[in-house]
Amino acid sequence: METVVLSGAAPLQSKVNIQNVFPEKTNILPGKRDFSIITNSAVSVAEKLRASAIITFSEEVTKISTSVPVFVFTGRKLAMMNEITRPIEETGKSIYERMEDRARSAAEEISEASLIAFINNLIDTEGLVVGIIKMKDSDSIIVYDLATNKIMKKLMECTERVEARVLRSVLNIGLQIACQGREGKSFGTAFIIGDSNEVMRRSHPLVLNPFEGQSKENCDIVNPQSWETVKSFAQLDGVFVITGKGIIRAAGRYLDINAKDVPTEKGLGGRHASAAAITRDTETIAVTVSTSGGTIRVFKDGLEVVKIEPDIMLVQ
């Protein structure tokens, strides 16, 4: 239900227009917006709250000195569309209703960005995040409690079957496939994690197993040096079979499973249905990446428990 690429904050090249809430700054004209004031205030709030991170979607962030990690994300496509349609949608609403709608929208953006930071192992599931939101006609500071993130909670429930670091690594690879594809080509894939002996018994190879006889290091999904290899073999038909501790047993496996009664979203193909079905019949977690749109889904007990749209990028 959510997605990102990360980066350091870029120096502010030119001042942007914010209400002058600090009259003592005589170099700022009254009534003009200055984004640096919002940024510096957000840093002060984050430090006092001992926040896990500062998150923003604007590269117009001054070069700041702080011990709090600063993550810059690209804006969501939906948020960009909302900026265009907002004047129409807000027609007839009171200022209080407009403020509530914008606060809710800003909180959702910070929530989704926090999820991507979590997948990238940059933040944990507890603590606070301070968000800096810049809109066309307003700026805001959001204090977001990570403990309220429902998607992160669902992912942590999956760690009853697989290690958290393994799930994070698979999701990270999935995000890279969804956002970058391979040599400009989009493709889908699936990862079945946990209960690998049973999954191997309930599947058969479509191709020679590329991980057969490889070193443990090369088969470790948690090892970032193996990710390019994984992304390359992800173009094969079939699924990856991975142990709960992150060792890749095989790629290009076809699941011999009856997926007839598995409830999946309309329009999804056999890969998603089979991935969901194997989690119903075994102690596994399945992660799928759609060819169209790159949507990432996580299945457990035959049901879709998480859906992540890859339209936020963490710019690094």
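Me: Is E228 buried, partly exposed or exposed?

Reply: Buried means under 20% relative accessible area, exposed means over 50%, and partly exposed lies in between, with a 1.4 Å probe and protein chains only. E228 has a relative accessible area of 44%, so E228 is partly exposed. This is a predicted model, in which local features need pLDDT of at least 70, side-chain atom pairs count only at pLDDT 80 or more, and totals for chains, interfaces and linings use all residues. Residues are numbered from 1 along each chain as its sequence is written, and side-chain values use heavy atoms, with hydrogens and water left out.

Me: With which residue does E228 form a salt bridge?

Reply: A salt bridge is a side-chain nitrogen of Lys or Arg within 4 Å of a carboxyl oxygen of Asp or Glu. The partner of E228 is R182, with 2.8 Å between the closest N and O atoms. Helices (H or I, at least four residues) and strands (E, at least two) are DSSP runs, numbered from the N terminus. R182 lies in the loop between α5 and β5 (189-193) and E228 in helix α7, so the bridge ties together parts 46 residues apart in sequence.

Me: How many salt bridges does the structure hold, and which residues are linked in a network?

Reply: The structure holds 16 salt bridges. E198, R201, R202, R280 and D281 are linked in a network of them. Elsewhere, R161 and D301 meet at 2.3 Å, N to O. R161 is in the loop between α4 (150-158) and α5, and D301 in the loop between β10 (296-300) and β11 (303-308), so this pair joins parts 140 residues apart in sequence. R161 counts as buried at 19% relative accessibility, whereas D301 is partly exposed at 42%.

Me: How many aromatic pairs are there?

Reply: Rings of Phe, Tyr and Trp (its six-membered ring) pair if their centres lie within 6.5 Å; planes under 30 degrees apart count as stacked, over 60 as edge-to-face and the rest as tilted. The count here is 4 aromatic pairs. F57 and F73 have ring centres 6.1 Å apart and planes at 45°, so they form a tilted pair. Both F57, at 17%, and F73, at 1% relative accessibility, are buried. F211 and F233 are edge-to-face, with 5.6 Å centre to centre and 70° between the planes. F211 sits in the loop between β6 (203-205) and α7 (227-233), and F233 in helix α7, so parts 22 residues apart in sequence are tied together. Ring pairs also link F191, F211, F233 and F240 into a cluster.

Me: Over which ring does R168 lie?

Reply: A charge sits over a ring if NZ of Lys or CZ of Arg is within 6 Å of the ring centre and within 35 degrees of the ring normal. R168 lies over the face of F118, 4.0 Å from the ring centre. The charged end of K134 sits over the ring of F35, at 5.0 Å from its centre.

Me: Why is α5 described as largely enclosed?

Reply: Of the 17 residues of α5, 12 are buried, so the rest of the structure largely encloses this helix. Among the buried residues are R168, L171 and I177. Just after α5, G181 takes a positive phi of about 65°.
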